[in-house]
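Here are my notes on the model you sent.

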Amino acid sequence: MLMAAALLFKRSRSLVQNKVSLLLGIGGSRSTTTPPPLINHHRFRYSSSQPFVASSTRYESSKAQAQLEDFQQHDDHDDQVIDFPGGKVAFTSEMRFISDTSHKRVPCYRVLDDNGELMTHTNHVQVSKELAVRMYSEMVTLQTMDSIFYEVQRQGRISFYLTSMGEEAVNIASAAALSSDDIILPQYREPGVLLWRGFTLQQIAHQCFGNTNDLGKGRQMPIHYGSNKHNYFTVSSPIATQLPQAVGAAYSLKMDGKNACAVTFCGDGATSEGDFHAGMNFAAVMEAPVIFIIRNNGWAISTPVEDQFRSDGIVVKGQAYGIWSIRVDGNDALAVYSAVHTAREIAIKEQRPVLIEALSYRVGHHSTSDDSTKYRPIDEIEYWKMERSPVNRFKRWVERNGWWSDKDELELRSSVRKQLMHAIQVAEKAQKPPLEDLFTDVYDQLSSNLEEQEKLLRKAIEKHPKDYPSDVPL
């Protein structure tokens, strides 16, 4: 039985690797034409002229041996090796330091060019008409939602908001490629994943207004969504804490033999946190079925990527930890969908982590507490907003297939706007959670220190009633 299981696993691994090779161009013929560069504006200068080669290093004797043989071709001491824990290592009489970066940057996988046309000889996961139309519709919904709620915050009706402008493809395309059984541990710029899973605009509004219909009972800041029903962990403000948690969730799925994986998101700034590195190493060593989707949007609030790290972006960090990694055009919905779809198969069938670096410029301010024009040029923002919009690019592809029309566009945008305005009116009028909800749902029985805190708070409100909101039931 063990032999049969081993053979079955080996065969499934071979099938997955063949599919990865087909999608990512490993071992395939190289295009005779050179695709246009992906990013050539301001600080971003990545090129897609070379096929991507995924890192497949796992510390097994057979693979260490293969690496050793390749290394020995360039060394005159091919008979001197040490079988050290983790694999065989060759000796060399030449003192050579590993360079800080390679001469050529890791290329970026894309399917659609800037005009929404398929790249020459592209390998990607096919998308049906129904799926493509839904993906575009949800991208428009997310875009419209962000625009309206941003203005609502500016009017003083909610305390805070954070948009996903410019990153709609990363949100929606990744969600479309996953199963509802997959566990999502988001950062804070992935509400589109929750929308895709069925979280309504009304529920979004309830959370932002923090009323009694909010699943979090108004205890969290706006945009800190969460839903057990949709396998979407509640957003937490501290950066990168969700990454090692996602690995733990993935390992639990592995132990239970579930046909699912954990998926976690973060931005480029989070890769400077210790939790990022702890999570990566934890995932690699435990071979947890987790997908790290890193949104490299150029800025960690006001810190540009060149001040964030000296490595070739984030994709190489995965390779350093022994994790399969790919850099993808985050403004290309088909590329994101293909990469995440394939990464999910690898994670589940191979029981290993995968890292996806999505290059997707943050068009909006970091949040409503930020004014990004103070640290980056307005023309740079406008360029990415108008010329490289992921929504517009995907729309052109859908239209070119005959699946979308101007009439569809008008009807969709009008419908979404009406739904949002109604949802906001309902949420704004709903009652706020009672004061006691601040202290419940942690302990089965309220602890003495919490009881004391509640008494002190009520005394403070009684003494200074004008300093507290009048619409919160006491």
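Which residues in helix 3 meet which residues in helix 13?

1. The model is predicted. On the helix 3 side, the contact is made by A132, M135, Y136, M139, V140 and Q143. On the helix 13 side, their counterparts are P390, V391, F394, K395, W397 and V398. By class, the residues of this contact divide into 10 nonpolar, 1 polar and 1 charged.

2. As for the geometry of the pair, helix 3 spans residues 129-154 and helix 13 spans residues 390-400. The two pack at an angle of about 150°, and their axes lie 10 Å apart. Angles over 145 degrees count as roughly antiparallel, and helix 3 and helix 13 are therefore roughly antiparallel to each other. Helix 3 passes helix 13 in a left-handed crossing.

3. Turning to charged pairs, the structure holds 23 salt bridges. One of them joins D312 to R105, with the closest N and O atoms 2.7 Å apart. This pair links distant parts of the chain, the two residues being 207 residues apart. D312 sits in the loop between helix 9 (305-308) and helix 10 (315-320), whereas R105 sits in the loop between strand 2 (87-90) and helix 3.

4. R105 has a relative accessible area of 41% and is partly exposed.

5. D114 takes part in a salt bridge with R110, where the closest N and O atoms are 2.9 Å apart. R110 counts as buried because its relative accessibility is 5%. D114 is partly exposed, with a relative accessible area of 24%.

6. D114 also forms a salt bridge with R393, the closest N and O atoms being 3.6 Å apart. This second bridge links distant parts of the chain: R393 belongs to helix 13, while D114 lies in the loop between strand 2 and helix 3, 279 residues apart. At 2% relative accessibility, R393 counts as buried.

7. Which residues do salt bridges with shared partners join into one network? The members are R110, D114, D329, R388 and R393.

Notes. Residues are numbered from 1 along each chain as its sequence is written. This is a predicted model: local features need pLDDT of at least 70, side-chain atom pairs count only at pLDDT 80 or more; totals for chains, interfaces and linings use all residues. Side-chain values use heavy atoms; hydrogens and water are left out. Axes are lines fitted to C-alpha atoms, for helices over the stretch in contact, and angles run from 0 to 180 degrees between N-to-C directions. Helices (H or I, at least four residues) and strands (E, at least two) are DSSP runs, numbered from the N terminus. Angles under 35 degrees count as roughly parallel, over 145 as roughly antiparallel, 65 to 115 as roughly perpendicular and the rest as oblique. A crossing is left-handed if the near helix is turned anticlockwise from the far one by less than a right angle, and right-handed if clockwise. Contact means heavy atoms within 4.5 Å. Ala, Val, Leu, Ile, Met, Phe, Trp, Tyr, Cys and Pro count as nonpolar, Asp, Glu, Lys and Arg as charged, and the others, Gly among them, as polar. A salt bridge is a side-chain nitrogen of Lys or Arg within 4 Å of a carboxyl oxygen of Asp or Glu. Buried means under 20% relative accessible area, exposed over 50%, partly exposed in between (1.4 Å probe, protein chains only).
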